[in-house]
Amino acid sequence: MSQTSQPLPGPPAIVCREVVKYLGRRKFRTEVLHGLDLEVYSGQMTLLVGPSGCGKTTLISTIAGILKPDKGSIALFGTAMADLGRRRITHFRGRNVGLVLQQFHLFPALTAAENVAVPLLVLRHGARQAQARAANLLEGLGLAGHADKYPRELSVGEQQRVAIARAIAHDPRLIICDEPTAALDAASGRLVMQLLREVTVKSDRAVLVVTHDHRIFGFADRIIHMDDGRITRITDSTEREAA
Amino acid sequence: MVSIVIKMLFGERVKVLGLVFGVAFATLLVAQQAGLFVGLMTRSQNVIADASDVDIWVMDPAVEYVDLIRPMREAELYRVRGVPGVAWAVPLFKSGTSVKTPEGRTKSALLLGVDDASLTGVSPRVVMGTIGDLRRPDAIAIDRVGYMQLWPGEPLQLGKTLDLNDRRAVVTVITDAAPAFSAQVIIHTRYSQAVSFVPTGRNQLSFILAKATPDLDPASVARAIAARTGLNAYTAEDFSWRTIRYYLKNTGIPISFATTILLGIVVGSAIVGLTFNMFVTDNLPQYAMLKVIGVTGGRLIGLVLLQAAIVGLMGYAIGIGLAALFFEYACTPTSALRGFNLPWWIASGVAATVALLIVLSTLSSLGRVLFAQPAMVFWGKR
């Protein structure tokens, strides 16, 4: 039984065409993505799954404009990333992409609220406005009493919720989550995924979750299977229910 | 963002302390040594500084600086007075000697004999008595610190006597004369009396002090004096710099101070550079995360430089404060270190040096920040 209510897919948020990416230099240079085609839609939670080393992280790094594809093209919300310089890509990412990382990468010297406010401050929002938004988000994620705590004072689950709040603070159109349940037990993993669905999936937003945790496949509207740098199969929730 | 990076900086207190200590150490060492060096150089031309009313110094052509004496004939004074553009010219006798108190305490002294009539050349800073009291028989003016060394613990008092080469001298004036390079006691007296205190050869005139007429440039008058008399004639400022340059060129003083100053810069740079490098290395994942969140390389460099500037300012403030305290409390007007101070331009120069030190120390780190790969946040490098 699927744990998702099937939203209607919106326009493609991510369009990858024949993307090739090499990693390493000289004799260690390896082709990691082999002419990959992919579309990810707004209004859905899409899971990118596959075994370790199949190129999932390289793909999302390339989609987020952190790595540059060696061949092919990537467009986010109709903007061809190749047309943007490094500086404009950084600005574009800051405005349009939120990231939840496996190791959270919260800033240890900042409180939970300050961590959440960082993307807004980067976008030059006022400090007071950013703090208010951060407080709202933390309250919405059940962390109202933890706003002034430092990451070291929070449990792993609480840190993850702070990371989620930070990823959505600036209301980005694309959220990328890298292995959000890797460090969690099954029950905690389910809670995190439920939370992610509740707070991130919107009609004008795409959510791309990288995982190899099959226990959370039920939360996906669409699952893209990868192996050896290629898309091998794409399934949606209706197909899975039928199966 | 500024408050965020400041918090990031102070999140690592031990490293911040290391950075601040490094900068403070370098600032203190450079400022203190530079202050002492400048003070020492200023002491070398104390006689010139005290004769503040004098435009032109005239001397034997063999004399290169104020402490080298080659006496001239008395007639030279009249020749100088005859040069057009000279408003007045007076003699100055200068010699090293020793003085002895009736209690038997002996000190080296700098004896300066000034024009009997005008008393030009006596330090204008009088602590006790008046300059006119030098006209009394056997009268001398002694500097306050010299007095305190000859009669330690005793209150300043006029009328004390000294033995000067078996001649009696009476203290009628106590001055705050500019400290000398080596002598412990500075004595001013009338020219006629000075030559009797320290008998020399046939020629006794050490220098001729002259004033240019108000309508003429002292430098041009000095050139005219040199041309007409064959003597060396310099403006007071020119002679001061010649004296300083002589000491710079012919003594080990500048090398000694320069070595200490350079050590301060090198050791300070090493401490700051290494600590800042550690700070940046530890924070690379955070900088990478900021890039992921949307901070451009240029803005990130600006933020890291801001962190460095904050550390630099704190270290500089502490270092320059400690240096100022040293000069305030160790170099009081009554101490042997009097005259040493921390002029504003040394403080500014040290600030520029510290800024350079910070930039040099952070340059290598800045490259790592600029090229910090945002992708490292995905691959979990900490």
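Two strands count as paired if DSSP finds at least two bridges between them. The model examined here is a predicted one.

**Exercise 1**

Identify the bridge partner of Leu76(A) in β5(A), and describe the strands around it.

*Solution.* Begin with the pairing: β4(A) and strand β5 (residues 79-80) of chain A run in the antiparallel sense and share 2 bridges. Within β5(A), Leu76(A) has Thr79(A) as its bridge partner. Next, consider the hairpin formed by β4(A) and β5(A): 2 residues lie between the strands, and Phe77(A) takes a positive phi near 50°. Finally, β4 (residues 71-76) also pairs with strand β1 (residues 12-23) of chain A, in the antiparallel sense over 5 bridges. In that pairing, Val15(A) has Ala75(A) of β4(A) as its bridge partner.

**Exercise 2**

Determine which strands stand at the edges of the open sheet of 6 strands in chain A, and which helix packs on β6 and β7.

*Solution.* Write down the strand order first: β6-β7-β8-β3-β9-β10, an open sheet with mixed pairing. β6 (97-100) and β10 (230-236) of chain A each have a single partner strand, so one side of each lacks a neighbour in the sheet, and these two stand at the edges. Neighbouring strands of the sheet are turned by 20° against each other on average, direction ignored. Helix α5 (residues 156-168) of chain A packs on this sheet, where it touches β6 and β7, and its direction makes about 170° with that of β6(A). As for the two strands themselves, β6(A) pairs with β7 (residues 174-178) in the parallel sense over 4 bridges. Val100(A) has Cys177(A) of β7(A) as its bridge partner.

**Exercise 3**

Classify the packing of α3(A) against α5(A) by direction and by handedness.

*Solution.* Two packed helices are described by the angle and the distance between their axes. The axes of α3 (residues 112-122) and α5 of chain A come within 7 Å and cross at roughly 25°. Angles under 35 degrees count as roughly parallel; α3(A) and α5(A) are therefore roughly parallel to each other. The crossing of α3(A) past α5(A) is right-handed. On the α3(A) side, the contact includes Ala112(A) and Asn115(A), while α5(A) provides Val162(A), Ala165(A) and Arg166(A). By class, the residues of this contact are 6 nonpolar, 1 polar and 1 charged.

**Exercise 4**

State how many residues each chain gives to the contact between chains A and B.

*Solution.* Chain A gives 27 residues and chain B gives 20. On the chain B side, α1 (2-10) and α9 (253-293) each give two or more residues. α9(B) gives the most, with 6 residues. The chain B side divides into 12 nonpolar, 6 polar and 2 charged residues.

Technical notes:
Residues numbered from 1 in each chain as written. Chains lettered and ligands numbered in written order. Predicted model: local features only at pLDDT ≥ 70, side-chain atom pairs only at ≥ 80, totals over all residues. Contact = placed C-beta atoms within 7 Å. Nonpolar A, V, L, I, M, F, W, Y, C, P; charged D, E, K, R; others polar. Axes fitted to C-alpha atoms, helices over the stretch in contact; angles between N-to-C directions. Parallel < 35°, antiparallel > 145°, perpendicular 65-115°, else oblique. Left-handed = near helix turned anticlockwise from the far one by under 90°.
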